[in-house]
Structure formats: structure tokens, C-alpha cells
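Me: I have a model open and want to learn to read it. Where do we start?

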Amino acid sequence: MAPQSKRRPGYDRKAQYGLFASYVIAIGGALIGLVLLAISILDPPGFSALRSAGAEIARPVASNLRKLVVGVGNLDEAVAAYINAGSQNAALRRQVDANRTRLIEAEAIRQENVHLKRLLRLTETEIGIAAAGHLISSASSSTARVARLDVGHAQGVKPGMPVRAPEGLVGRIIRSGPNTADVLLLIDEGNIVPVRRTSDNIPGISSGRGDGTIEIRALNTERNPFKPGDVVVTSGIGGLYRPNIPVGVVARLENDNAIAIPFANPSRVELVVVQTPFRPVEAARESAAQAASADDR
Amino acid sequence: MNSRRYATRIARPRSALHIRGTPIISVLLGSMIVALVPVVAQAPLLPPFGLMIFLGWRVLRPDIWPLWAGAPLGLFDDVMSGQPIGSAIFLWTAILLLLDVENQRHVWRDYWHGWFTATLALGLALTGGWFFVHIGGHGGSLVQILPQLAYSVGLFPLIVRLCAALDRWRLP
């Protein structure tokens with residue numbers, strides 16, 4: 001069928017001008033879009049007021065729906081656990097026996113650690129928790145891996161703060177509104193985290209791949225030393241992320257790149273903690289000052 | 001008897017807001033779905049519902065959107081979707097302009113033609129969206145938008161049916 005079109009005005013002058021004006025406005029709109037785009041790429045925190053207005057509108061619905069979904073989302077695991085109950089029970093029993101010994105050893109090591117630290121006059125720096133919240137939604141249709149948190153600068157959350165879950169590192173805050181904040185997830189290509197291998201402290205950097213995995217590259221060696229099964233944690237180098245937050249476990253090698261799976265799966269974690277940025281220089285200065293004052297006494 | 005049967009379906013009282021506002025509000029709601037769905041996705045998971053409803057109305061009634069309609073609706077979509085602001089403003093307006101050019105070349109249209117042009121438009125929008133995120137230093141490889149594109153295209157006829165149902169409801 002060939003529909004009639006208002007876009008063929010014929011001899012009507014007024015309609016012709018109207019049509020021309022609509023083209024001018026449309027092309028002008030597209031150009032304004034390009035300008036805005038350039039601004040938002042060059043200055044990522046720009047327009048954050050606009051974005052957080054949108055986030056605040058969506059927050060109540062998203063956070064309530066999220067409570068429902070977390071319950072439903074774990075249903076498949078519960079069913080699978082029921083089916084495998086027998087064999088799982090035996091395996092878990094063996095694991096518990098093995099872990100009990102390790103726990104006792106770990107406790108002994110912890111006490112020794114406390115003792116040694118006291119000898120060295122090292123004080124534990126505070127954990128630096130700014131706020132705790134829930135991940136409520138994410139940019140599900142966009143390729144940027146950004147999740148939304150239900151706490152904002154009313155609770156002390158500021159851009160640049162690292163976010164972690166009990167399982168491991170989640171990402172860092174890129175924008176914060178009054179009661180919401182956007183988290184750039186660990187799995188985003190733009191999120192680069194200094195890490196180290198737990199077994200021998202080989203440093204590396206982790207960057208996201210945008211598909212739920214992360215890539216681990218070594219800092220200083222030609223060949224990639226990371227092997228499947230290696231566990232990496234944050235190294236604390238360069239500040240921002242506190243040391244020893246679990247990051248991921250290397251799953252496979254791809255063209256000399258180690259592909260790791262993050263410990264904190266953002267679609268599973270419920271409660272996350274926003275930490276204050278880690279500043280190693282200040283922390284060292286503080287502990288030095290404390291040691292000096294202890295000496296004076 | 002027939003008059004009673006159709007009495008509830010024709011010549012109903014409808015305000016201008018009801019007639020003009022329904023398409024706009026449906027697109028805005030479509031853009032909002034993405035921000036409301038309580039799933040933290042590890043890859044682009046949801047089709048761009050706002051754009052699909054926008055295109056659905058365009059396929060159904062080629063004259064429904066003024067050429068500049070992509071700019072304000074795209075701005076709202078950007079705010080909701082987490083794309084860099086300006087991405088959908090540009091892409092949606094460009095799509096409307098391209099569809100307008102196409103409309104002048106090929107006057108005859110049918111079901112398959114509508115689906116095909118919408119497929120091209122969705123492909124342009126998703127690739128463009130990926131590109132704008134990519135030059136900002138985020139995102140990942142282009143491959144990850146392929147599943148999203150596949151079910152956007154697959155769901156499109158359903159969205160057009162939805163728009164058609166809304167169209168029957170909004171008109172007197």
C-alpha cells in the first residue's frame with residue numbers, strides 16, 4: 001500500500017516552508033546531539049545532574065523489583081542442590097574435614113601476625129567503609145557495563161570510590177546523585193585495576209572485556225606468567241583500591257592473555273560496600289607519625 | 001445489532017492528549033523499562049525497547065513523528081539507558097532522516113518492507129551506540145551486540161502489534 005504523505009506538500013507555500021523548517025530543525029537536532037556526545041565523551045562526569053535525575057526517578061521501582069528477583073534468581077541453584085544432595089553431602093564432608101585443619105593453622109598464623117605487627121609497630125589502617133548499599137539495576141541495553149547503586153552522596157558516596165562485595169571487588173563509582181550512584185563494573189573495558197598473584201606476588205593489571213570476564217596481563221615480563229587456577233587480588237599499587245581485595249581466578253589462556261572470572265558476579269551480589277579511596281602515601285605517613293609519637297612516649 | 005456491537009469501538013470521546021500523547025508516552029515507557037529491569041547484566045542483555053516502540057509507530061504510521069522527534073525522545077532514552085548523552089539524540093534523528101529519504105524513493109510498503117527497514121535501523125542504532133561507547137574507552141568487542149540485535153529484530157513484529165493495539169485504543 002502506498003500511504004498518503006504530508007511530506008509532499010504540492011503547491012501549498014505554507015506547507016512547503018513548514019516542511020523545510022522541520023528538516024532544518026531535525027538536522028540541527030542531530031548536530032546538537034553530536035556536540036553533546038563529544039562533551040559527554042571528553043568529560044564523563046558532565047551531565048551527571050541530568051543522569052542522576054533519571055536514576056532517582058527509576059530508583060524506587062528498580063530497588064523493589066530487585067528484592068523480588070534476587071529471591072527468584074537463586075531458585076535454579078536451590079533445585080540443583082536438592083538433586084545433587086547425596087554426592088554433594090559426601091564431598092562437602094571431606095572438604096569440611098580438610099578445612100578444619102587449615103582453619104586451625106590459619107588461626108595460629110593470624111596470632112603470629114598480630115604479634116609480629118606489634119613488634120614492628122604497624123597499625124592496621126581502618127577499613128574505610130563509606131556506605132553500604134544494593135546494586136539495583138544496570139545499563140542492560142548499552143554496551144557500557146555500568147550498574148546502579150541505591151546509595152548516593154547523601155550517604156557519603158563520591159565518584160572514584162571503590163566498591164566491593166563480600167566475595168570480591170565489584171568496581172568503582174563514576175557518578176553519584178543524591179540517593180543513587182553509578183558503578184563502573186570490573187568487567188568494563190575502561191576499568192583497569194592493578195592486581196597481584198596471591199601465590200608469588202607477581203604484579204599485573206586487570207581490565208574488563210565487556211562480556212563478564214576480565215583479562216589479566218603481567219606488568220614486567222615478556223611472557224604471560226599467569227596460568228589457569230591462579231588467584232589474583234588487588235595489589236594496592238597506585239592507590240584507589242585497597243590491597244588484598246579478591247579480584248578473580250584465571251580460567252583459561254587466549255593468545256598469551258590470561259582470561260579470568262571475577263569472584264564477585266555483579267548479577268548475584270546483594271550487599272556491596274563503598275570504600276573510601278586508598279591513599280598509600282598518606283597511610284604510610286600516618287603510621288610513621290603514630291610510630292614517632294609512640295617512640296616519644 | 002451491529003450498531004450495538006461497534007458502539008464501544010467507534011466514535012468514542014478522545015482528548016487531544018489521549019490521541020497525541022499515547023505514542024510519546026509509550027516510547028518514554030519503553031526507554032524506562034531498561035532502567036527499571038532489576039537485573040545487573042554482564043553483557044548487553046535487553047533490546048532497546050524505546051527505539052523499537054519508536055520505530056514501531058513509524059512503520060505503522062509513517063507521518064506520526066515530526067522529523068525532529070528523535071532529538072527530545074532520544075535525550076530521554078540516553079538519560080535512562082546509560083549511553084553517553086547525545087548518542088540516541090543523534091542516532092534516532094539520523095534514523096528518522098534516513099527513513100524519510102527511503103520513504104521518498106520507495107513509496108510502496110508492506111509487512112516485510114517495514115521489518116527490513118526496521119532491521120537496518122536497529123542495526124545502525126546498536127552499532128552506533130557501541131561505537132560511541134567504544135570511543136569513550138568503555139564497552140567491549142562488537143560481537144557482544146549480535147545477540148541483542150538478533151532478538152531486537154525477532155521481537156520487532158510483536159512491538160508493532162503492541163503499537164497497533166495502542167493505536168486502536170487511542171483513536172476515536
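**Reading the fold**

Reply: Start with burial: of the 172 residues of chain B, 45% count as buried. Keep in mind that this is a predicted model.

Me: What secondary structure does chain B have?

Reply: Chain B has seven helices and zero strands. Along the sequence the pattern reads α-α-α-α-α-α-α.

Me: What share of the contacts in chain B joins residues 24 or more positions apart?

Reply: Count contacts with a separation of 6 or more; 69% of them in chain B link residues 24 or more positions apart.

Me: Which residues touch the most other members of the largest nonpolar core?

Reply: The general idea first: in soluble globular proteins, nonpolar side chains tend to be buried together. Here the largest nonpolar core has 96 residues, and A:V170, A:V183 and B:W92 touch the most other members. Beyond its neighbours within four places in sequence, A:V183 contacts residues including A:V146, A:L149, A:V163, A:V170 and A:I173.

Me: How many residues of α4(A) are buried?

Reply: Zero of its 36 residues, so to speak a helix that is hardly covered. Its length can be checked too: at 1.5 Å a residue, helix α4 (residues 85-120) of chain A should span 52 Å, and its end C-alpha atoms are 49 Å apart, which agrees.

How values were computed: Residues numbered from 1 in each chain as written. Chains lettered and ligands numbered in written order. Predicted model: local features only at pLDDT ≥ 70, side-chain atom pairs only at ≥ 80, totals over all residues. Helix = DSSP H or I, 4+ residues; strand = E, 2+ residues; numbered from the N terminus. Buried ≥ 20, exposed ≤ 12 C-beta atoms within 10 Å, placed from the backbone. Contact = placed C-beta atoms within 7 Å. Core = buried A, V, L, I, M, F, W, Y, C linked by C-beta atoms within 7 Å. Expected span 1.5 Å × (residues − 1).
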